[in-house]
Amino acid sequence: DMVSNMDMRAAMESHQANKEKDKDAIMTCIFKKVMPGHPTRGLEDDVVVCLNPDTNRLLRFCNTNSKRFDYDLDLFNSHDVMDFRYDLMNTYIMICEAHVPARFSDHFDIQDMDSFIKGII
C-alpha cells in the first residue's frame, strides 16, 4: 500500500524493463531530485548515491549524517564509470518483486530498509 501524488507508471515500466534485462533486478528504489538545503530534504534524507550511469543501477548509497563514506576499492575496480549524486532524496518508495518481503524477514537481524538494501547491492 502507498499514499503518493507521484505517477508511478514510468517507475513500474522501468522496473519491468530492468527485470527483463537482468533477472537479479529484484527491487527498484525511487529517488527524487531535491537539491541540498531544500526545506523538504531533512538531515535523515541526506544521502550520497552511487549509480551506474548506463543502467541507473544503484551501486552504493550512504547517509551523510555518518560523516564518513565507505566505498570499497572493488567498487572502483569493477566499474569504469560511476555517477556520485548528492541531489537525490530517498522517497522510501520501493518497487519489489514478490519474494523480496520474504527475503527481508529471512534476514531478521536487519533493522531497517536501508540496511537491507545495502545488504543486497
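The report below goes from the overall fold to helix, strands, cores and a few single residues.

## Overall fold

Please keep in mind that this is a predicted model. The secondary structure comes to 4 helices and 5 strands, and along the sequence these elements follow the pattern α-β-β-β-α-β-β-α-α.

The chain has 121 residues, of which 36% count as buried. If you look at contacts between residues at least 6 apart in sequence, 59% of them join residues at least 24 apart.

Helix 1 covers residues 9-21. Its 13 residues should span 18 Å at 1.5 Å a residue, and this agrees with the end C-alpha atoms, which are 18 Å apart.

Which residues of helix 1 are buried? They are Ala11, His15 and Lys19. These residues cover an arc of only 75 degrees around the axis, so they sit on the same side of helix 1. The buried residues of helix 1 pack against strand 1 and strand 5. On the other side of the helix, Arg9, Ala10, Glu13, Glu20 and Lys21 are exposed.

## Strands 2 and 3

Strand 2 and strand 3 run antiparallel and are joined by 5 bridges. One of the pairings to look for is Val47 with its bridge partner in strand 3, Asn63. The hairpin has 6 residues between the strands, and in this hairpin Asn56 takes a positive phi near 60 degrees.

How many of the 6 residues of strand 3 are buried? The count is 5, so strand 3 is largely enclosed by the rest of the structure.

## The nonpolar cores

The largest nonpolar core has 11 residues, among them Ile26, Met27, Val47, Val49, Leu51, Phe61 and Leu88. Strand 1 (27-33), strand 2 (47-51), strand 3 (58-63) and strand 5 (88-96) are the elements that give two or more residues to this core. Strand 2 gives the most, with 3 residues. A second, separate core has 7 residues, including Leu59, Cys62, Leu75 and Met82.

Asn90 lies in strand 5. Is Asn90 buried or exposed? Its relative accessibility is 4%, under the 20% cut-off, so Asn90 counts as buried. The side chain of Asn90 reaches the backbone nitrogen of Tyr92 at 2.9 Å.

Thr64 is in the loop between strand 3 and helix 2 (73-78). With 14% relative accessibility, Thr64 also counts as buried. Leaving aside neighbours within four places in sequence, Thr64 is in contact with Asp46, Val47, Val48, Phe69 and Tyr86. Glu44 is 20 residues away from Thr64 along the chain, and the C-alpha atoms of the two are separated by 8.2 Å.

Methods
Residues are numbered from 1 along each chain as its sequence is written. This is a predicted model: local features need pLDDT of at least 70, side-chain atom pairs count only at pLDDT 80 or more; totals for chains, interfaces and linings use all residues. Side-chain values use heavy atoms; hydrogens and water are left out. A nonpolar core is a set of buried Ala, Val, Leu, Ile, Met, Phe, Trp, Tyr and Cys residues joined through side-chain atoms within 4.5 Å. Buried means under 20% relative accessible area, exposed over 50%, partly exposed in between (1.4 Å probe, protein chains only). A polar contact is a pair of N or O atoms within 3.5 Å; within protein, one must be able to donate a hydrogen and the other to accept it, and residues adjacent in sequence count only if both atoms are side-chain atoms. The expected span of a helix is 1.5 Å times one less than its number of residues. The arc is that of the directions from the helix axis to the C-beta atoms. Contact means heavy atoms within 4.5 Å. Two strands pair if DSSP finds at least two bridges between them.
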